[in-house]
Amino acid sequence: MLLKLLKGQEFVNYAKGRLSSPVDVVGYGATDNLDDRVIAALLSTRDKVGVIVGNYTGGSFEEKVQRFAASYQGQVSHDEMREFVLLHELSHQAAANEGHGVEYRANAYVESYCAHKIKAAKAKGDHASVARYQRISKVAKDMKNKAKKSGK
Ligand SMILES: [Zn+2]
């Protein structure tokens, strides 16, 4: 339900035309079984059925989103960071089970989705949405560059 509110369905529709074999996300949940640096994850089977989980190891999902947002020192809101995290996990629908470079590709995917949202918002004169997706795109770009450096 949360993802629906956060335009998850819109993203899936955007992604469907671009993915050859996306993971079918059938649910959302929580875990306390992942490394404490992980905010959320897409867990999927080999037959590409998956669930997105928030990770509660070392803090709640929202506390981790808050800490991540705080690392941008006011440049990115909590709400925008939550949307980044969820878009990133949805992007793993494309990148799951592909081995090397999945984090790079997931973040590159979020960037391309943001570019699509910025273009649509500009056409409508929706300046607030243009700015919102520019900020989310900046996080995606930073994370993409980090992934590149670490070979993920
Ligand atoms: Zn990831």
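Angles under 35 degrees count as roughly parallel, over 145 as roughly antiparallel, 65 to 115 as roughly perpendicular, and the rest as oblique. I wrote that down before looking at any helix pair.

**Entry 1: ground rules**

I am working with a predicted model, where local features need pLDDT of at least 70, side-chain atom pairs count only at pLDDT 80 or more, and totals for chains, interfaces and linings use all residues. I number residues from 1 along each chain as its sequence is written. Helices (H or I, at least four residues) and strands (E, at least two) are DSSP runs, numbered from the N terminus.

I started with helix α5, residues 102-124. At 1.5 Å a residue, its 23 residues should span 33 Å. The expected span is 1.5 Å times one less than the number of residues. I found the end C-alpha atoms 33 Å apart, which agrees.

Gly125 follows α5, and its phi is positive, near 70°. Then I looked at helix α6, residues 127-150. The axes of α5 and α6 come within 8 Å and cross at roughly 165°. Axes here are lines fitted to C-alpha atoms, for helices over the stretch in contact, and angles run from 0 to 180 degrees between N-to-C directions. The two helices are therefore roughly antiparallel to each other.

I also noted the hand: the crossing of α5 and α6 is left-handed. That means the near helix is turned anticlockwise from the far one by less than a right angle; clockwise would be right-handed.

Next I listed contacts (C-beta atoms, placed from the backbone, within 7 Å). The α5 residues that meet α6 include Tyr104, Ala108, Cys114 and Ile118. On the α6 side, Val130, Tyr133, Ile136 and Met143 are among them.

I then checked burial. A residue is buried if 20 or more other C-beta atoms, placed from the backbone, lie within 10 Å of its own, exposed if 12 or fewer, and partly exposed in between. Among the buried residues of α5 are Tyr104, Tyr109, Tyr113 and Cys114.

**Entry 2: the sheet**

Which order do the strands take in the sheet? I read β1-β3-β2, an open sheet of three strands with mixed pairing. β1 and β2 stand at the edges, each with a single partner strand, so one side of each has no neighbour in the sheet. The twist averages 25° from one strand to the next.

Two strands pair if DSSP finds at least two bridges between them. Strand β1 (residues 24-31) runs parallel to β3, joined by seven bridges. I traced Ala30 to its bridge partner Gly54, and Thr31 to Asn55. Strand β2 (residues 40-44) pairs with β3 in the antiparallel sense over five bridges. There, Ala41 stands opposite Val53.

I looked at β3 itself, residues 49-55. Five of its seven residues are buried, so the strand is largely enclosed by the rest of the structure.

**Entry 3: positive phi**

Most residues other than glycine have a negative phi. I looked up two with a positive value. Lys48 has phi near 60°. It lies in the turn of the β2-β3 hairpin, which has four residues between the strands. Lys48 has 14 C-beta neighbours inside 10 Å, so it counts as partly exposed.

Gln73 has phi near 45°. Gln73 is in the loop between α3 (61-70) and α4 (78-95). Is Gln73 buried or exposed? With 7 C-beta neighbours inside 10 Å, Gln73 counts as exposed.

Key:
Two residues are in contact if their C-beta atoms, placed from the backbone, lie within 7 Å.
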